[in-house]
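Here's a quick tour for anyone meeting this one for the first time. Have a look at the picture, then read on.

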Amino acid sequence: MNTAGAVLTRTKVQPQLDFNFKKKHVGILSGSFNPIHNGHLMIAQQVFEQLNLDKILFIPSKVPPHRGVSRYIPKVSVDDRINMIKYGIRDNPNFQLDMTDIDLGGVSYTYETIKRLKERNPNTEYYLIVGYDIVESLSKWSHIDELVKEVHFVGVCRKGYEKKSQYPTMWVNTPVIEISSTVIRQRVREGKSLKYYVPDDVAWYIKDKGIYKK
């Protein structure tokens, strides 16, 4: 079972933040969460602690832009993905479900998401959590030049990638956990256990609803 790699030594985030304590500082973890898994939760917790944030938002995408609109067919309904997030984060008061992308509808572009969040919460600084592999592709993102002015990028550890970016990026070391939603869906189809891959409540929900069996 390929679920975990070596745990990296915790280091201070570079650069150190000079927080304006009149503002709130909120992390964002977005994606399809199809399903949410322990890797997502570990990353969110590490960023929350190391950056001393107020909370982490889990923002499920309506339709992820990176997969192509015409080819992307959700394996489960939006409601099921939302419910799995609720079950996955309900024991952590620092984690919160946010429906911004779902409410916007259509393809989920990060720039539009951040724009809407800042319209609603002008006194909040947002920290967008992305993997090392995603950092390397930021130049291809929609409105990237405007986006870097509106949000702080937080790069988290991914095996095989260097800490470098052409855009301002804060780096956070996290345990390397080799879990993917694709592997989880495959394990369900093969009738294998999801123990230690997803929270127990999420595993129960997947089994109860018969998700991913086909």
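Let's start with a term: buried means under 20% relative accessible area, exposed means over 50%, and partly exposed is in between (1.4 Å probe, protein chains only). What you see is a predicted model, where local features need pLDDT of at least 70 and side-chain atom pairs count only at pLDDT 80 or more, while totals for chains, interfaces and linings use all residues. Residues are numbered from 1 along each chain as its sequence is written, and side-chain values use heavy atoms, with hydrogens and water left out.

**How confident is the model?**

- pLDDT is the predictor's confidence in each residue, from 0 to 100. The protein chain averages 85, and 83% of the residues score at least 70.
- Helices (H or I, at least four residues) and strands (E, at least two) are DSSP runs, numbered from the N terminus. In the protein chain, confidence is highest in strand 3 (residues 95-97), at 98, and lowest in helix 5, at a mean of 80.
- Two stretches call for care. Over residues 1-16, pLDDT stays under 50, and the model has 30 contacts for them beyond four places in sequence; a contact means heavy atoms within 4.5 Å.
- Over residues 67-74, pLDDT stays under 50 too, with eight contacts beyond four places in sequence.
- Where pLDDT is low, the predicted coordinates should not be read in detail.

**Salt bridges**

- The structure holds seven salt bridges, each being a side-chain nitrogen of Lys or Arg within 4 Å of a carboxyl oxygen of Asp or Glu.
- One of them joins glutamate 125 to lysine 23, with the closest N and O atoms 2.9 Å apart. That pair links distant parts of the chain, as glutamate 125 is in strand 4 and lysine 23 is in the segment before strand 1, 102 residues apart.
- Is glutamate 125 buried or exposed? Glutamate 125 counts as buried because its relative accessibility is 19%, whereas lysine 23, at 26%, counts as partly exposed.
- Another salt bridge pairs aspartate 98 with arginine 120, the closest N and O atoms being 3.5 Å apart. Here too, distant parts of the chain are linked: aspartate 98 is in the loop between strand 3 and helix 3 (100-104), and arginine 120 is in helix 4 (residues 110-120), 22 residues apart.
- Aspartate 98 is at 9% relative accessibility, so it counts as buried, while arginine 120 is partly exposed at 43%.
- Lysine 192 and glutamate 190 also meet through their side chains, at 3.1 Å from N to O. Lysine 192 is partly exposed at 44% relative accessibility, and glutamate 190 is partly exposed at 43%.

**Aromatic rings**

- There are five aromatic pairs in the structure. Rings of Phe, Tyr and Trp (its six-membered ring) pair if their centres lie within 6.5 Å; planes under 30 degrees apart count as stacked, over 60 as edge-to-face and the rest as tilted.
- Phenylalanine 33 and phenylalanine 58 make a tilted pair, 5.9 Å centre to centre with 50 degrees between the planes. Phenylalanine 33 sits in the loop between strand 1 (24-31) and helix 1 (38-50) and phenylalanine 58 in strand 2 (residues 55-60), so the pair ties together parts that are 25 residues apart in sequence.
- Both phenylalanine 33 and phenylalanine 58 are buried.
- Tryptophan 141 and phenylalanine 153 form an edge-to-face pair, at 6.1 Å centre to centre and 70 degrees between the planes. Tryptophan 141 is in the loop between helix 5 (132-135) and helix 6 (144-150), and phenylalanine 153 is in strand 5 (residues 152-156), 12 residues apart.
- Tryptophan 141 is buried, with a relative accessible area of 12%, and phenylalanine 153 counts as buried at 1%.
- Phe33 and Phe58 turn up again with Phe95 in one aromatic cluster.

- Helix 1 has 13 residues and reaches 18 Å from its first C-alpha to its last, close to the 18 Å expected at 1.5 Å a residue; the expected span is 1.5 Å times one less than the number of residues.
- Among the buried residues of helix 1 are Leu41, Ile43, Val47 and Phe48.
- After helix 1 comes asparagine 52, whose phi is positive, near 55 degrees.
- Threonine 124 is in strand 4 (residues 124-131) and is buried, with a relative accessible area of 9%. Leaving aside residues up to four places away in sequence, threonine 124 touches Lys24, Val26 and Lys118.
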